[in-house]
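Student: Could we go through this model together, setting each value against the definition behind it?

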Amino acid sequence: MDDSGAWRSDGHAFVTARTTLGDVVGFSTACFTPSEFTVAALACQAYGGNAVEIECGESAWTDALVHACEQLRVHGLRASLRARCAVEPLLRLAVPVTVAADLPLGDAPLSHLVQLRNTADADLVEKALDAHPETSFCLDASLAFAHGGFTRLRALAGDHADRLTQVAVGAVDDDPHLHDLVQACFDAAGRAVPVLVERPGPIWSSTLSDEIGRLRALSRRFLTPYR
């Protein structure tokens, strides 16, 4: 039976679709100008991705986001959101919502759909995860590497392996190869999770298909019992 829409019984947002789909690698709309989901979806089509994260600013309209998520699903793409605004309205869309740990989170319990993301201050995500046990963890691998190299990156992935549900890469210009960052995360966590590429600027390149292909192959390897 396909349980691709299920959640873990302990409440953490474990995307079990990856155990049936094999891998999830895609793009954030932050990569593109204009930063629209249609452009990110075209990049998936061109480069072999299968997921889109929509960045939501203060002016984000819920109706427009509902339409965007529906369109992404129609085209076989995993939809998720990154909140830079109030979280509560976004949870109605029933897709994962990534929230930086330094944003005001309030004292009310957060939904299992929320993925708390690390910031330059690693202690903030530790405290946020402790305060909101129903949430899961999105690891900004590039930021972790920039503030502590592979040591910090592996520590964050390993310490929160049971709640890790997404890895973001490419937000810092001087990080190493994206594949190396993702492999370090998967090695430390012991499993694969969805990967979102956030490389801003001129992302349209002839080598990007190969890079996305390598990331998806890496995910499939970690989903194989014997590797």
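The dialogue that follows takes up confidence, the strands and the helices in turn.

Tutor: This is a predicted model, in which local features need pLDDT of at least 70 and side-chain atom pairs count only at pLDDT 80 or more, whereas totals for chains, interfaces and linings use all residues. Residues are numbered from 1 along each chain as its sequence is written, and side-chain values use heavy atoms, with hydrogens and water left out.

Student: What pLDDT does the chain average, and where does pLDDT stay under 50?

Tutor: With pLDDT being the predictor's confidence in each residue, from 0 to 100, the chain averages 83, and 83% of the residues score at least 70. Over residues 1–21 pLDDT stays under 50, and for that stretch the model has 37 contacts beyond four places in sequence, a contact meaning heavy atoms within 4.5 Å.

Student: How do you know that strand 1 and strand 2 pair?

Tutor: Two strands pair if DSSP finds at least two bridges between them, strands being DSSP runs of E with at least two residues and helices runs of H or I with at least four, both numbered from the N terminus. Strand 1 and strand 2 run parallel and are joined by 2 bridges, so they pair; Ser28 has Glu53 in strand 2 as its bridge partner.

Student: What makes the barrel close, and in which order do the strands come?

Tutor: The 8 strands close into a barrel in the order 1-2-3-4-5-6-7-8, with parallel pairing, and the twist averages 30° from one strand to the next. Strand 1 (residues 25–28) pairs with strand 8 in the parallel sense over 3 bridges, and Gly26 has Leu196 of strand 8 as its bridge partner.

Student: Why is helix 6 called oblique to helix 7?

Tutor: Helix 6 (residues 149–159) and helix 7 (residues 178–189) pack at an angle of about 45°, with their axes 7 Å apart. Angles under 35 degrees count as roughly parallel, over 145 as roughly antiparallel, 65 to 115 as roughly perpendicular and the rest as oblique, which makes helix 6 oblique to helix 7.

Student: Which residues of helix 6 make the contact, and how many residues of each class does the contact have?

Tutor: Helix 6 contributes Phe150, Leu153, Arg154, Ala157 and Gly158, while helix 7 contributes Asp180, Leu181, Ala184, Cys185, Ala188 and Ala189. By class, the contact has 8 nonpolar, 1 polar and 2 charged residues, where Ala, Val, Leu, Ile, Met, Phe, Trp, Tyr, Cys and Pro count as nonpolar, Asp, Glu, Lys and Arg as charged, and the others, Gly among them, as polar.

Technical notes
Axes are lines fitted to C-alpha atoms, for helices over the stretch in contact, and angles run from 0 to 180 degrees between N-to-C directions.
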